[in-house]
Amino acid sequence: MEDKLQQIQKSYQNKIASSKTLKELDEIFIALFGKNGEIDQQSSQFSTLPKDELKIVGPFFNQVKQKLEKAIDNRRQAIREETYNDLENETFDINEGEIKKRTGHIHPLTATDHNNFEVLNIPENHPARDLWDTLYINSELKTPNSKLLLRTHTSNSQIRALKNNKPPIRLMNIGRCFRYEQVDSRHEHTFEQFEIIYVDKGVSMANLQFLSEYFLKNIFGEDIKARLKPKYYPFVEPGVGVDGLCIFCKGAGCKVCGGIGWLELAGAGMIHPNVLKNGGIDPSIYSGIAWGFGPARMAMIKYGIEDIRLFNSGDLKFAEKF
Ligand code: DAH
């Protein structure tokens with residue numbers, strides 16, 4: 001039996017030394033130490049040996065077993081190190097990759113009081129200003145007629161759009177807005193809005209109804225319906241809230257829509273004649289419609305996100321879900 005053990009030791013030490021991968025080593029380990037492996041087969045013969053011989057074979061058997069175990073451990077470590085070395089040699093020059101050049105620009109965070117309120121038919125000291133909890137900025141930059149503020153909505157873009165273009169005007173504009181909000185799961189101090197403007201001859205509430213539904217169908221699917229309900233905004237007349245049929249309960253009323261069956265998704269209306277005039281457009285010839293949507297609100301509904309604060313949380317676990 002000693003001969004047999006010696007033979008096993010020799011042949012397996014060679015196999016271990018010439019193994020190249022951890023997988024090969026695992027196979028060797030099983031062939032040796034697994035059930036019915038070489039070692040198992042030898043120890044199962046102990047009961048047939050005379051006691052004297054067992055006294056000699058026993059310790060030798062243990063020695064061979066330990067040596068082979070150690071040889072496997074050492075080789076395993078060596079293979080790991082070789083793999084790490086290979087990885088280290090696999091260097092690449094990060095500068096070789098092509099990175100698109102981008103030119104940065106200043107974020108249009110601030111707008112003036114003038115565009116945010118004044119020309120949108122909301123004069124100074126008018127109580128309608130209270131509809132927006134505004135963050136004003138103490139700054140040397142303010143001009144005599146206009147205070148600096150963080151814009152509360154994207155409607156301030158309307159006036160630029162009207163001044164810089166001739167009808168027909170069809171325009172969409174997205175941007176970041178800020179409000180002095182009591183933050184909770186549905187209100188953020190920093191959020192996006194997009195503004196849609198359509199000015200031409202003969203534009204009417206019928207266009208507003210049709211286009212609202214057309215737009216919502218493209219985002220939420222064919223089943224959604226839009227309804228307009230009266231709502232006050234100083235820069236539109238008439239002003240409306242655009243509701244979408246609740247996509248969760250299809251109008252039956254549920255927790256998400258507060259039992260109403262509809263969810264308010266936008267403010268909108270016919271652009272007020274004073275705003276058109278402020279933008280240099282004659283309201284006796286042209287009329288216009290405008291919407292202000294909150295993309296966070298829409299994403300919350302579309303993806304079932306319960307807390308608006310997650311959007312700006314910087315939490316990768318959240319961001320990577322999309
Ligand atoms: N700017 C409004 C808000 O943030 C939303 C809004 C209402 C936008 C009516 C519009 C509009 O363009 O016509 O509350």
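This report walks through the cores, the pockets and one histidine of the structure above.

## Ground rules

The model is predicted: local features need pLDDT of at least 70, side-chain atom pairs count only at pLDDT 80 or more, and totals for chains, interfaces and linings use all residues. Residues are numbered from 1 along each chain as its sequence is written, and side-chain values use heavy atoms, with hydrogens and water left out.

## Nonpolar cores

A nonpolar core here is a set of buried Ala, Val, Leu, Ile, Met, Phe, Trp, Tyr and Cys residues joined through side-chain atoms within 4.5 Å; buried means under 20% relative accessible area, exposed over 50%, and partly exposed in between (1.4 Å probe, protein chains only). The largest one has 27 residues, and Leu-216, Trp-291, Phe-293 and Met-298 have the most contacts inside it. Two or more residues each come from β5 (190-200), α7 (205-220), β7 (236-245), β8 (262-271), β9 (287-293) and α9 (295-303). Helices (H or I, at least four residues) and strands (E, at least two) are DSSP runs, numbered from the N terminus.

Take Met-298: not counting residues up to four places away in sequence, it touches Phe-194, Phe-215, Leu-216, Ile-219, Phe-220, Leu-265 and Phe-293 (contact means heavy atoms within 4.5 Å). Apart from this core lies another, of 21 residues, including Leu-120, Ala-128, Leu-149 and Ile-169.

## Pockets

On a 1 Å grid over the protein atoms alone, a pocket is an open set of points where a 1.4 Å probe fits, with protein on both sides within 12 Å along at least five of seven lines; lining residues have an atom within 4 Å of a point. The largest pocket holds about 1000 Å³ of space. Its lining counts 43 residues, with Arg-179, Gln-193, Lys-231, Glu-264 and Arg-297 the closest to the centre.

## His-153

His-153 sits in the loop between β3 (148-150) and α6 (156-164). It counts as buried because its relative accessibility is 2%. Its side chain reaches the backbone oxygen of Asn-116 at 3.1 Å. Leaving aside neighbours within four places in sequence, His-153 is in contact with Asn-116, Leu-120, Trp-132, Cys-177, Arg-179, Gln-193 and Phe-235. Two of those names, Arg-179 and Gln-193, also turned up by the centre of the largest pocket.

Methods: Grid points are joined across faces, edges and corners, and a volume is the space filled by probe spheres set on the points. A polar contact is a pair of N or O atoms within 3.5 Å; within protein, one must be able to donate a hydrogen and the other to accept it, and residues adjacent in sequence count only if both atoms are side-chain atoms.
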